[in-house]
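Please examine the sequence and the structure shown here before reading on.

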Amino acid sequence: MTATKDMTNGTPWKLILIFAIPIFLSNLFQQLYNSVDSIIVGNFLSDECLAAVSSSGNLIFLFTSFFIGTAGGAGVVISKFFGAKDYESMQRAIHTNIAFGLVASLILTIAGVCFTPQILIWMNVDQEVLPYSIKYFRFYFLGATGVVMYNIFNGTLQALGNSRRPLLYLIISSCLNIILDLIFIAGFKLGVEWAAIATSISQLTSASLCLIFLMKKGTIYQVKINKVRFHKDMLELIIKYGVPSGIQNSVIAIANVFVQSNINQFGKVAMAGCGSYSKVEGFAFLPITCFNMALTTFIGQNLGAKEYQRARTGARFGILCAMILAEIIGIITYIFAPYFIGLFSSSKEVIEIGTKQARTMSLFYFLLAYSHSVAAVCRGAGKAFVPMLVMLAIWCGVRVTYIMIITHFFDDIQYIFYAYPLTWGISSLIYCLYYFLSDWIHGFDNNKKEKQVLEN
């Protein structure tokens, strides 16, 4: 198994597929063990505990999105220098990114533990659910270091073209998480916070395995603890490419938290039903995620090597595959929604609400895939500012405005669900115009900072 993969040579579609499949399997296992949390909690504890765990995604994403998105900017920098075979600059980018991750972990832990209760109150969490949510989130954020550093190390390996190692480590952590859930929740009947503890232990395990691999001696990417520090030039590049992605993620997270707060007003049954659907949607999102990551790495490496036509060819293939796979899964989700939601709860009311949301949104997954795929191409081309603006305007501005207006006139949760396909469609139209009319292919060429780094 090679530690790195040069994606500037070979057939583009084969390279993208070979790279994307392990990412798909990695995300499948990650989504699987996230769902197992909800399934075990829903079947062995209470509906209140299920609501606390299944609706946790939006708040967790709110806290982690900026740091993980910003760290993702390092992936673009690393893949670009790797494609250009500038390994000294690549090394400094890797060590700077690790330093950033350690600082981000500390900030995230303090913020999550301190501010979780107040944010949950702002989100209109049902009073019966609130105590369980506070326990779950506080213990989750105590393990934030594992979450952040796994994403840092995973992004580094993927930028180097290695998507197999993260898969192996995620399989190990997924199995560990399921075993711990069964021991803590099903076996000893401990509280909902133990589901968060199981997740934290598992994430820290996978992060540790990634670090051990990256510290392997004699490799071009070798991590050395004494070299972990901020390099000013690399930090500037990471911030340039990462902060827009971090802001984009935060904007989406804020909009989703706003949507979740409106859903919470319909009570704990709505929280459990919509939370259960979000787990199902997580599986539907997998092909989008895997092709996005593969696209960003492929575009970054090839534009770094000035292989423009290869970048175009890879972009077309990745976007098309993501759309087709997402829609196939969307149709399956539409048909089998009651059975999928039923895995998390036997309550007819919970299944009814989750199914209603699934059947409102799932047939429009191809629009979601298109928006995210073009955004991934933009990030790989060094144009991270573009998806940030689109998400800020449409997925936050338009979505929040729509919900504020529509809930004033209609007291029906389904009108909230309509916000998603509406904003997916608008953003897809804007991305389509940008993709075909702009010169994204030369995103790196006129950048003075990269030229200075390469010259030095």
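**Helix packing and helix bends**

Helix 12 and helix 13 are roughly antiparallel to each other, because an angle over 145 degrees counts as roughly antiparallel and the two pack at about 155 degrees. This description, like all that follows, refers to a predicted model. Helix 12 covers residues 308–342 and helix 13 covers residues 348–361, and their axes lie 9 Å apart. The crossing of this pair is right-handed. From helix 12, the residues T333, Y334, I335, A337, P338, I341 and G342 take part in the contact, and they meet V350, I351, G354, T355, A358 and R359 of helix 13. Sorted by class, the residues of this contact comprise eight nonpolar, four polar and one charged.

Helix 12 also packs with helix 11, which spans residues 286–304. The axes of helix 11 and helix 12 come within 9 Å and cross at roughly 180 degrees. Helix 11 and helix 12 are therefore roughly antiparallel to each other. Their contact contains 17 nonpolar, three polar and one charged residues.

A further pair is formed by helix 4 (residues 87–122) and helix 9 (residues 232–264), with axes that come within 12 Å and cross at roughly 25 degrees. An angle under 35 degrees counts as roughly parallel, and helix 4 and helix 9 are therefore roughly parallel to each other. Helix 4 passes helix 9 in a right-handed crossing. On the helix 4 side, the contact involves S89, R92, A93, T96, N97 and W122; on the helix 9 side, it involves D233, M234, L235, I238 and S261. Five of these residues are nonpolar, four are polar and two are charged.

Where does helix 4 bend? The bend, of about 55 degrees, is at F115, and the proline P117 follows within four residues. Just after the end of helix 4, N124 adopts a positive phi of about 60 degrees.

Notes:
Residues are numbered from 1 along each chain as its sequence is written. This is a predicted model: local features need pLDDT of at least 70, side-chain atom pairs count only at pLDDT 80 or more; totals for chains, interfaces and linings use all residues. Side-chain values use heavy atoms; hydrogens and water are left out. Axes are lines fitted to C-alpha atoms, for helices over the stretch in contact, and angles run from 0 to 180 degrees between N-to-C directions. Angles under 35 degrees count as roughly parallel, over 145 as roughly antiparallel, 65 to 115 as roughly perpendicular and the rest as oblique. A crossing is left-handed if the near helix is turned anticlockwise from the far one by less than a right angle, and right-handed if clockwise. Contact means heavy atoms within 4.5 Å. Ala, Val, Leu, Ile, Met, Phe, Trp, Tyr, Cys and Pro count as nonpolar, Asp, Glu, Lys and Arg as charged, and the others, Gly among them, as polar. The bend at a residue is the angle between axes fitted to the seven residues ending there and the seven starting there.
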